[in-house]
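Please open the structure in your viewer and keep the selection panel at hand. The stops below say what to select next and what is there.

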Amino acid sequence: MIRLERATKEVRMKGVRKMIIDDVSVTFPRGKSIGLLGRNGAGKSTLLQIIAGTLELDRGRIIRQGKISWPLGFQGSFQGNLSGEQNVRFVARIYGVNTDELVAYVAEFAELGQFYHAPVRTYSSGMKARLAFGVSMGINFDYYLVDEITAVGDTNFKRKSQQTFKEKLSNSDVIMVSHSTGTLRDYCQTGIVLENGQMTYYDDINEAIAVHESNMKRH
Amino acid sequence: MREMSTRFGAKPGGYLWAFLDPVSHIVFLSVIFMAIAHIPPLGTSFPLFFATGYIGFQFYQAMAGYLNSAVSGNKALLSYPSVAPIDTIAARYALQIVTTTIVAIVVLGYIVFTVRHPVSIHLPPILEAIAAASLIALGIGLANTVLFIMYPIYEKLYGIITRPLFLVSGVFFLPDSLPPIAKDVILFNPLAHIVMQFRTGFYPQYRASGYDGFYVWCVAASLMFVGLVLFTSCRARLRDR
């Protein structure tokens, strides 16, 4: 379970202030995957960072129960000078999982071949995405935070990663940001719409999508 | 949390560079000064004189340079919630201390064994100099991490202002042998004190007149204080960019 209590966050970017969430209280129940909707710049990624813990709230508090992933994005978060394998070891250590198991799992999953031992800065974006996806699938999180990452790699890899991810979702939940409503319907049961600093929770993802689409039409 | 630390300091080019830099400086200085002077200001060995100066100085210089980029250089890793900005600083601090110490042992060890006269090494002043130098660097590193992000222009200014630091820290001369006015000015620089202190560990006959340990520690403590205050108060902003 993740709960926000009277949470407020304002971000400043180049002098422009933007209220992301304003005095919001909301509970993300365990056992339901959540799609996060909102217009561009509404602060969906910021919200994921708050949930992950890389950003702090200005006011209010957040209660987290369960193991939460870092926000998974296209590029992954890797140190370019280290090899893919070394980066995986690093992640295994900071999350306290068995290093050798994770290294072996990612080696098999990401299918990087020789590149697994080359510095990450030599990777193509597809290879980085595969490595990132492999690492996150190798660790059992209760919540996966997913930022616009749905399908990476070629058709075969896509099929495999979707299958693995679906399997994960039998034990884990996902909080997903995506502009693709099809993907959201595919993975999520419930939805949250972020609009003008307010978050509204909907039990049904289709309802959330409908509200979001009518929001988009108004402007 | 701590085991992970050393990993992310991995330097491109490997450890060899850590040795090449001081060795080339020491050789360069030795050759030039041997050409213009007959004996070094202390002892009889030019390499030993410059090595004790340069390596003592490096405990500050290399550390400060490395810490300044600790957060920006590890930005990718900061997207993991369990890696805090202070971890990158702590990791680099530990790694750099170890690196410079190894370099010091190897380079100074080599020189000490090759000079004709036995050198008596006295550890306490050396360790005190290292501690003070690295703490000053840590305070400056913490403050700079924040200031570089908030005021990019300051980063350029900092580079310009600190460039002559090497010249005024008494690496290749003794502050004691300067005219009184110049000596007073030089001794405002805490690093000059640190280099003097470092040298006393290798030259028992060196009296280091003008050395003021209290001043050095005051500077180190106040820089640490400023660095920590700035770093803690701006902690949240360090991840953003």
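Two residues are in contact if their C-beta atoms, placed from the backbone, lie within 7 Å. This is a predicted model, in which local features need pLDDT of at least 70 and side-chain atom pairs count only at pLDDT 80 or more, while totals for chains, interfaces and linings use all residues. Residues are numbered from 1 along each chain as its sequence is written, and chains are lettered from A and ligands numbered from 1 in the order in which they are written.

Begin by selecting B:Thr145, which lies in helix α5 (residues 123-150) of chain B; helices (H or I, at least four residues) and strands (E, at least two) are DSSP runs, numbered from the N terminus. Leaving aside neighbours within four places in sequence, B:Thr145 is in contact with B:Asn68, B:Ala70, B:Val71, B:Phe231 and B:Leu238. With 24 other C-beta atoms within 10 Å, B:Thr145 is buried (buried means 20 or more such atoms within 10 Å of the residue's own C-beta, exposed 12 or fewer, and partly exposed in between, with C-beta atoms placed from the backbone).

Next select B:Leu108, found in helix α4 (residues 85-114) of chain B, where 22 other C-beta atoms within 10 Å make B:Leu108 buried as well. If residues up to four places away in sequence are not counted, B:Leu108 touches B:Ala51 and B:Ile55.

Now show the whole of chain B, which has ten helices and zero strands. Its radius of gyration, taken over C-alpha atoms, is 19 Å, close to the 18 Å that the globule rule (2.2 Å times the number of residues to the power 0.38) gives for 241 residues, so chain B is as compact as a globular protein of that length. Buried residues make up 39% of the 241 residues in chain B.

Finally, move to chain A and select helix α3 (residues 99-110) and helix α4 (residues 125-138), whose axes come within 9 Å and cross at roughly 135 degrees. Here axes are lines fitted to C-alpha atoms, for helices over the stretch in contact, and angles run from 0 to 180 degrees between N-to-C directions. To display the contact, select A:Leu102, A:Tyr105, A:Val106, A:Phe109 and A:Ala110 of α3(A), together with A:Arg130, A:Leu131, A:Gly134, A:Val135, A:Met137 and A:Gly138 of α4(A).
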